[in-house]
There are 2 protein chains.
Amino acid sequence: MAKELTLDKLTLAAKTLKVLAHPVRMKIVEFLGDGEQNVSSIQKHIRLQQAVTSQHLKLLLVHNLVNKRREKNFIYYRKNTDIIAGIINCVRDCTPGK
Amino acid sequence: MAKELTLDKLTLAAKTLKVLAHPVRMKIVEFLGDGEQNVSSIQKHIRLQQAVTSQHLKLLLVHNLVNKRREKNFIYYRKNTDIIAGIINCVRDCTPGK
DNA sequence: GGCAAATATAATAATATTTCAATAAAGAAA
DNA sequence: TTTCTTTATTGAAATATTATTATATTTGCC
């Protein structure tokens, strides 16, 4: 149950956690739910510029919080539930004792 | 189970989450555990300058992640477990479905 | 009161993040 | 191939965060 976390591990954990800690990215992750959505849908749903949407998606992707898949010329994003679940555990582990 | 989160709520949640998303602050929160520690102890444990420690503590305090209590001229910090637990739920709620 | 110890604040500098605007890339479809 | 649609990238500007340094505040004790 993760008693001792090194600064290195904490740094890594904080980095991943930080990716989620942005209103737009949280909105995206929430919108994805258990399914998948293409960039246009996401963009329309959040009412954000295309480039900005793309940039946030990239960040989520690079940090492995989401996966992407191409179909025709749409790109569908989906949550990487392992990592999302991992973040929950990270928060829990970083606050031991309850 | 927080099905619909408004952008406002997400923004607020992200803001709080962001406070935790920093290696030093996570280290502090981890060090606090279920007990309390004064600033000097925290500072020595994390090997950080006094001013920086104080600033991070302030941030945690302002966002209600910790409480403080004075005894003599030491100030003891303690986790606000409600909020910490709330963050865990926040992460869970913002990633519905698992 | 005056001094020392512990903690806080403020101003600035250094860095990092986010947005914006324009352009590029990749695939579909004619 | 040409063009259209969707998504990605890039560089610069705007903002936000973090560290640094110096100074201030608060309290206990003499």
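Predicted model: local features only at pLDDT ≥ 70, side-chain atom pairs only at ≥ 80, totals over all residues.
Side-chain values use heavy atoms, with hydrogens and water left out, residues are numbered from 1 along each chain as its sequence is written, and chains are lettered from A and ligands numbered from 1 in the order in which they are written.

Further contacts with DNA strand D come from both protein chains. Of the atoms of DNA strand D that come within 4 Å of the protein, 65% belong to sugar and phosphate. At least two residues of this surface are supplied by each of helix H3 (39-46), H4 and E3 of chain A and by H4 of chain B, and the most, five residues, come from H4(A); helices (H or I, at least four residues) and strands (E, at least two) are DSSP runs numbered from the N terminus. The surface near DNA strand D divides into seven nonpolar, eleven polar and six charged residues, where Ala, Val, Leu, Ile, Met, Phe, Trp, Tyr, Cys and Pro count as nonpolar, Asp, Glu, Lys and Arg as charged, and the others, Gly among them, as polar.

DNA strand C is surrounded by 25 residues, and the closest are Gln49(A), Gln55(A), His56(A), Ser40(B) and Tyr77(B). Sugar and phosphate make up 67% of the atoms of DNA strand C that come within 4 Å of the protein. Base nitrogens of DNA strand C are approached by polar side-chain atoms of Gln55(A), at 2.8 Å, and of Gln50(B), at 2.9 Å, whereas a polar side-chain atom of Lys58(B) lies 3.3 Å from a phosphate oxygen of DNA strand C. Two or more residues of the surface near DNA strand C are given by helix H4 (50-62) of chain A and, in chain B, by helix H3 (39-46), helix H4 (50-62) and strand E3 (74-79). By class, the surface near DNA strand C holds eight nonpolar, eleven polar and six charged residues.

Over all chains the structure holds six salt bridges, each defined as a side-chain nitrogen of Lys or Arg within 4 Å of a carboxyl oxygen of Asp or Glu. In chain A, Glu36(A) pairs with Arg69(A), the closest N and O atoms being 2.5 Å apart; because Glu36(A) lies in strand E1 (residues 36-38) and Arg69(A) in strand E2 (residues 66-71), the pair ties together parts that are 33 residues apart in sequence. Arg78(A) also meets Glu36(A) in a salt bridge, at 3.9 Å from N to O, and this pair links strand E3 (residues 74-79) of chain A to strand E1 of chain A, the two residues being 42 residues apart. Glu36(A), Arg69(A), Glu71(A) and Arg78(A) are linked in a network of salt bridges. Relative accessible areas are 25% for Glu36(A), 34% for Arg69(A) and 36% for Arg78(A), and each value counts as partly exposed, between buried (under 20%) and exposed (over 50%), with a 1.4 Å probe and protein chains only. In chain B, the side chains of Glu36(B) and Arg69(B) meet in a salt bridge at 2.5 Å, N to O.

Chain A has five helices and three strands, which follow the pattern α-α-β-α-α-β-β-α along the sequence, and 40% of its 98 residues count as buried. Apart from neighbours within four places in sequence, Met26(A) is in contact (heavy atoms within 4.5 Å) with Leu20(A) and, in chain B, with Leu10(B), Ala13(B), Ala14(B), Leu17(B), Cys90(B) and Cys94(B).

Technical notes: Near = heavy atom within 4 Å. Polar contact = N/O pair within 3.5 Å; in protein donor to acceptor, adjacent residues only side chain to side chain.
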